[in-house]
Amino acid sequence: MPHSLTGRAGPAVAEVGAALRGGLGEEEMSRTKGDEEEYWNSSKFKAFTFDDEDDELSQLKESKRAVNSLRNFVDDDDDDDDDLERVSWSGEPVGSISWTIKETAANSGSTPEGREQKNRSSLSSTQLPKPTSTYSLSSFFKGRTRLGSFQSLSDALSDTPAKSYAPELGRPKGEYRDYSNDWSLSDTVRRLRKGKVCSLERFRSLQDKLQLLEEAVSMHDGNVITAVLIFLKRTLSKEILFRELEVRQVALRHLIHFLKEIGDQKLLLDLFRFLDRTEELALSHYREHLNIQDPEKRKDFLKTCIGLPFSAEDCAHVQDHYTLLERQIIIEAIDQNLESAGQTEIFRKHPRKASILNMPLVTTLFYSCFYHYTEAEGTFSSPVNLKKTFKIPDKQYVLTALAARAKLRAWHDVDALFTTKNWLGYTKKRAPIGFHRVVEILHKNSAPVQILQEYVNLVEDVDMKLNLATKFKCHDVVIDAYRDLKDRQQLVAYRSKVDKGSAEEEKIDAILSSSQIRWKN
Amino acid sequence: MAFPHRPDAPELPDFSMLKRLARDQLIYLLEQQHEVDKLYKVENKPVHSSSEQLCFLVRPRIKNMRYIANLVNTDKLAGRTRKYKVIFSPQKFYACEMVLEEEGIYGDVSCDEWAFSLLPLDVDLLSMELPEFFRDYFLEGDQRWINTVTQALHLLSTLYGSFPNCYGIGRCAKMSHELWRRLEEEEDCETKGRRPEIGHIFLLDRDVDFVTALCSQVVYEGLVDDTFRIKCGSVDFGPEVTSSDRSLKVLLNAEDKVFSEIRNEHFSNVFGFLSQKARNLQAQYDRRRGMDIKQMKNFVSQELKGLKQEHRLLSLHIGACESIMKKKTKQDFQELIKTEHALLEGFNIRESTSYIEEHIDRQVSPIESLRLLCLLSITENGLIPKDYRSLKTQYLQSYGPEHMLTFSNLRRAGLLTEQAPGDALTAVESKVSKLVTDKAAGKITDAFSSLGKRSNFRAISKKLNLIPRVDGEYDLKVPRDMAYVFSGAYVPLSCRIIEQVLERRSWQGLDEVVRLLNCSECAFTDMAKEEKASSEALRLILVVFLGGCTFSELSALRFLGREKGYRFIFLTTAVTNSARLMEAMSEMRA
């Protein structure tokens with residue numbers, strides 16, 4: 001939703017914060033064409049004309065500095081801290097926010113003389129921005145004797161806290177020094193920290209470069225460390241760079257992260273190879289598959305990962321990943337045909353909601369238990385085949401199959417899932433996940449009470465059985481359990497929970513009046 | 001219920017100027033400088049706009065640069081000329097400029113910075129809104145945000161005076177402190193004459209205490225965050241809460257009179273409180289029955305509006321509670337909490353492990369399963385290798401093989417590890433250290449900071465008494481310690497450390513704890529010599545969380561403040577919770 005800035009007290013900063021947090025925020029300047037031209041050509045904002053950007057940018061920079069110096073002038077002139085408002089030459093109150101906004105466009109190569117001239121001319125065409133609030137923010141800082149320190153916190157231009165009372169006098173002399181390459185090591189790093197343009201070209205010997213790096217690291221500022229690394233990467237052979245970074249772990253981590261971010265996969269892999277970090281090398285290569293959308297291509301890529309030096313367990317996982325995708329491609333092709341042909345009942349009754357490609361193994365197993373349950377082991381899509389190929393544990397298999405068959409309300413299949421025959425041919429019920437879990441899953445899939453009852457009865461722990469039976473209203477089980485426990489009181493109490501005149505009530509009455517039972521209470 | 005502040009509690013400093021500062025800067029930047037009058041959210045798609053100028057307000061990230069470069073280069077190919085402006089917040093990074101240069105648009109695009117790093121989310125909470133801090137620093141070891149932190153601290157000391165007492169723990173805390181001190185020297189701050197408004201500052205790295213951040217939250221605000229996700233101090237309540245067909249965006253802060261009374265409460269108290277409140281409200285409405293015309297007029301003009309407002313808030317929070325209850329019952333929250341408490345206390349580990357396993361097998365939310373695995377790992381000093389292997393395999397089978405990458409991340413960050421069978425790690429270390437010259441020897445260890453570390457949670461917990469011994473029932477209505485934020489089962493480690501240090505005004509006597517936390521090198525105290533801070537200022541404490549804090553931690557410290565007569569103010573890189581931490585570590589499909 002567009003938020004209009006105009007006609008409002010201001011944008012809700014929180015909203016912009018939220019936008020930034022989500023990654024990006026964008027503003028579009030949506031004025032009419034006429035407006036725009038007028039705006040960009042107005043002398044007021046001349047500095048923003050982009051047509052001749054080098055000159056204009058430097059001009060902008062100058063006017064910007066002029067504005068800032070002007071503020072210095074105004075501030076320093078005005079030592080009365082109780083003044084709430086600061087007033088510019090035009091008589092308007094000065095907003096004091098300009099000092100945190102820095103214009104950091106690249107320097108143009110124009111001569112200092114030329115700059116000074118422009119400086120002078122731009123001053124005349126510069127007006128102070130209108131304050132956004134009449135109550136100047138600077139008043140918040142009263143109690144501090146001058147604003148200089150605060151200003152230089154963020155002001156890229158006033159390198160020395162120079163009090164230039166007359167901005168026309170020219171650039172602070174620090175600005176010139178940048179071109180004479182005579183910044184000391186620590187000055188260079190300090191300038192980098194302040195976000196200033198600073199050439200590193202004079203650091204040519206390996207020793208100089210490494211000292212520069214170490215100075216950057218000792219400042220703890222990741223941005224500066226990365227800036228130096230970008231320079232080193234450009235000016236050192238990778239063998240030397242790698243060798244030196246191997247013993248400088250903080251810098252090394254920054255380089256690795258930088259390479260990941262800019263996506264220089266080749267150099268990253270070279271680096272891991274050099275460092276003999278084989279596992280990271282393999283994982284980093286494997287990671288690329290995430291960017292491949294086409295399933296065939298992704299499959300082919302995964303194949304190239306199989307021989308890589310993963311840890312033993314990950315080797316198996318990558319192999320499985322490849323096999324799984326290979327299967328999914330086959331299953332997807334067949335099922336898509338089946339579905340569109342419209343001849344197969346299961347697909348007509350339960351149309352597929354999504355493609356099976358790139359789904360996890362358990363989801364694939366569920367899918368196969370849902371659509372291909374009865375298939376012979378020989379086909380790729382049969383559940384049994386999946387179970388064997390991927391060595392799916394019994395527990396996991398039963399859990400998934402149960403969920404799939406219960407969803408289809410195929411109670412026979414559910415029954416068969418837990419039936420085992422012993423060598424004498426007797427059948428026995430067995431559940432690797434415990435029957436209490438079975439009951440819960442069946443209940444979630446809204447199985448009828450008769451079915452639930454059957455499985456509740458198979459729960460061995462009596463308390464748990466009673467609990468489940470009560471929870472899911474399996475009256476027969478509850479009644480029988482109390483009878484077996486000879487718990488007359490509970491049974492009487494339970495009588496009130498069943499419907500009046502129901503078969504359950506009759507059953508309870510029959511038991512209560514039986515003379516066979518020796519009640520314990 | 002709803003503890004009032006002690007009468008002697010110090011006043012909080014006024015954060016509204018920060019809000020105003022940020023707002024004015026932004027307006028100036030957008031309106032005055034660039035004449036922007038419409039805002040759109042940037043999504044990764046082409047811009048359909050006939051505008052002649054585009055202005056981007058972005059975080060300094062490579063992918064944002066690529067997006068802009070794409071746009072500019074598409075325009076160029078189409079023979080279209082536009083003006084482009086990029087405003088970086090909070091600062092521009094050299095790597096971004098490099099990308100602009102590489103993409104051939106350096107010079108076509110001009111850059112600005114908006115040094116916005118402190119967003120007051122509430123009267124006592126400042127957020128830098130940098131959720132990426134966590135992954136950048138704690139996973140990748142990138143220190144790019146340290147400068148941002150120091151700039152923020154510098155701004156605060158400029159506004160509220162220097163901090164006479166400074167404590168910290170964690171590598172990032174130490175580095176931030178060093179850079180901050182250097183900055184103050186360079187800037188030659190003339191804050192010396194000022195009386196400090198805030199007496200103490202405490203810097204704390206998130207990795208000092210992962211456990212607390214990994215726990216399910218049960219105080220109201222934390223629970224709302226876990227359930228609905230609070231973003232930038234506000235939450236979207238869906239139709240299930242508003243009981244209408246619309247969603248509602250609600251600001252959650254001290255100004256919401258209902259919320260401010262329940263935010264720090266254990267959830268079990270909230271219902272009772274709300275219904276009491278509803279009854280009171282009803283009674284106030286009912287008063288109008290016996291009124292004559294004049295009284296009625298008064299009632300309508302003076303009280304009705306307030307009552308209606310309260311009514312609206314009340315019904316929203318009741319709706320939220322119901323919705324939370326419904327969701328939590330469905331996911332068997334009771335069982336989950338029981339498992340968490342067992343992990344914290346260190347009993348029935350086998351049972352907890354199979355509980356987690358079942359979670360995974362049944363494909364319950366991947367983030368939830370991961371969180372429990374991490375909690376198990378940290379409280380147990382890593383998983384035993386057999387469990388690690390089998391749980392990881394099952395995890396990959398349930399949620400996708402690409403999570404191999406997630407596991408690798410978690411291992412690097414020290415969140416999910418395998419108990420070392422012998423000395424596999426020291427082998428790597430010794431191999432590297434052979435290559436190390438004497439000069440750099442000190443730097444080698446930190447590369448393995450997370451790998452080599454054991455979490456030692458059990459020992460720390462014992463030393464700091466994190467699991468309160470409870471005789472009988474823990475009365476959550478009348479909390480006796482900070483453990484109430486976790487139902488009386490666990491005192492948040494981070495908050496306990498802060499409590500202990502403040503009590504001692506140093507780390508003295510905490511050597512063993514610091515050693516167990518692997519922070520012997522990076523626990524520090526920095527006292528100004530002759531500061532004349534008022535006694536009021538000395539009871540005001542700024543806690544800085546590097547890597548994020550949870551609402552539960554805020555509640556616990558607010559409680560501590562009330563007990564001891566302090567007042568806490570919080571600065572965090574972002575408000576976080578277990579899900580956000582896990583998501584930050586996950587490798588998702590692109």
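Strand β12 (residues 540-546) of chain B is mostly covered, with seven of its seven residues buried (buried meaning under 20% relative accessible area, with a 1.4 Å probe and protein chains only). This is a predicted model, in which local features need pLDDT of at least 70, side-chain atom pairs count only at pLDDT 80 or more, and totals for chains, interfaces and linings use all residues. Residues are numbered from 1 along each chain as its sequence is written, chains are lettered from A and ligands numbered from 1 in the order in which they are written, and side-chain values use heavy atoms, leaving out hydrogens and water. Helices (H or I, at least four residues) and strands (E, at least two) are DSSP runs, numbered from the N terminus.

**Strand β12 and its partners in chain B**

- Leu540(B), Leu542(B), Val544(B) and Leu546(B) lie on one side of β12(B), Ile541(B), Val543(B) and Phe545(B) on the other, and all are buried.
- β12(B) pairs with strand β13 (residues 567-572) of chain B in the parallel sense over six bridges (pairing takes at least two DSSP bridges between two strands).
- Across that pairing, Leu542(B) stands opposite Ile569(B) in β13(B).
- From β12(B), the chain passes through helix α24 (residues 551-564) of chain B to reach β13(B), in a right-handed β-α-β crossover; that is, with the strands pointing away from the viewer, the path from the first strand over the helix to the second runs clockwise.

- Six bridges join strand β8 (residues 200-205) of chain B to β12(B), and the two run parallel.
- Here you will find Leu203(B) opposite Val544(B), while the bridge partner of Leu204(B) is Phe545(B).
- β8(B) also runs parallel to strand β7 (residues 165-169) of chain B, joined by five bridges; Cys166(B) has Ile201(B) as its bridge partner.
- His200(B), Phe202(B) and Leu204(B) point one way from β8(B), Ile201(B), Leu203(B) and Asp205(B) the other way, and all are buried.

**Helix α8 in chain B**

- Helix α8 (residues 220-228) of chain B is largely enclosed by the rest of the structure, because eight of its nine residues are buried.
- Among the buried residues are Tyr220(B), Leu223(B), Asp225(B) and Phe228(B).
- Arg229(B) follows α8(B) and has a positive phi, near 70°.

**A helix pair in chain A**

- Helices α11 (residues 249-262) and α12 (residues 265-275) of chain A have axes that come within 9 Å and cross at roughly 145° (axes are lines fitted to C-alpha atoms, for helices over the stretch in contact, and angles run from 0 to 180 degrees between N-to-C directions).
- Residues of α11(A) including Leu252(A), Ile256(A) and Lys260(A) meet residues of α12(A) including Leu268(A) and Phe272(A) (contact means heavy atoms within 4.5 Å).

Key: Buried means under 20% relative accessible area, exposed over 50%, partly exposed in between (1.4 Å probe, protein chains only).
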